[in-house]
Amino acid sequence: MENISLDDFLSEGIIKEKKFREKVNNVNWNKFADKKVIIKGCAKVTVPTWAYLIITSKLSQYADRIYFGEPCSAVEIFKKEN
């Protein structure tokens with residue numbers, strides 16, 4: 001299972017929308033093609049809801065399944081239809 005941490009998208013210790021969107025656009029999303037991906041539920045800072053939505057919308061174009069939370073208690077939030 002592949003992991004995405006929102007901490008990787010911080011700018012100056014917080015999530016700033018403009019910088020966040022730039023970082024999202026620079027991710028090679030193809031590496032998640034047909035894989036199970038978990039968006040880690042904990043971050044060093046408060047994460048706005050829109051950040052999770054943006055990541056999920058990008059991932060849903062590539063990933064087979066998307067989960068949210070921690071590996072021991074992940075919640076499936078997307079499953080690609082065959």
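User: How many helices and strands does the protein chain have?

Analyst: This is a predicted model. Secondary structure is the place to begin: the protein chain has two helices and four strands. Taken in sequence order, these elements give the pattern β-α-β-α-β-β.

User: How does the radius of gyration of the protein chain agree with that of a compact globule?

Analyst: The idea is to compare the value with what chain length predicts. For 82 residues a compact globule would have a radius of gyration near 12 Å, and the protein chain has 12 Å, so the two agree. Along the principal axes, the C-alpha trace spans about 40 × 25 × 20 Å.

User: What share of the contacts links residues 24 or more positions apart?

Analyst: Among contacts with a separation of 6 or more, such pairs account for 66% in the protein chain.

User: What percentage of the residues count as buried?

Analyst: Of the 82 residues, 30% do. The accessible surface of the protein chain comes to about 5,300 Å², with 48% of that belonging to carbon and sulfur atoms.

User: Is Ser 11 buried or exposed?

Analyst: A residue is called buried when its relative accessible area is under 20%. Ser 11 has 10% relative accessibility and therefore counts as buried. Ser 11 lies in the loop between strand S1 (2-4) and helix H1 (17-25).

User: Which residues is Ser 11 in contact with, leaving aside neighbours within four places in sequence?

Analyst: Ser 11 is in contact with Lys 16, Lys 19 and Lys 23.

User: How many positive and negative side chains does the protein chain have?

Analyst: There are 14 positive and 11 negative side chains, and the centres of the two sets lie 3 Å apart.

Technical notes:
Residues numbered from 1 in each chain as written. Predicted model: local features only at pLDDT ≥ 70, side-chain atom pairs only at ≥ 80, totals over all residues. Heavy atoms only, no water. Rg over C-alpha atoms; globule rule 2.2 N^0.38 Å. Buried < 20%, exposed > 50% of the residue type's maximum accessible area, 1.4 Å probe, protein only. Contact = heavy atoms within 4.5 Å. Areas by Shrake-Rupley, 256 points an atom, 1.4 Å probe, with all protein chains shown as cover. Lys, Arg positive; Asp, Glu negative; His and termini not counted. Charge placed at Lys NZ, Arg CZ, Asp CG, Glu CD.
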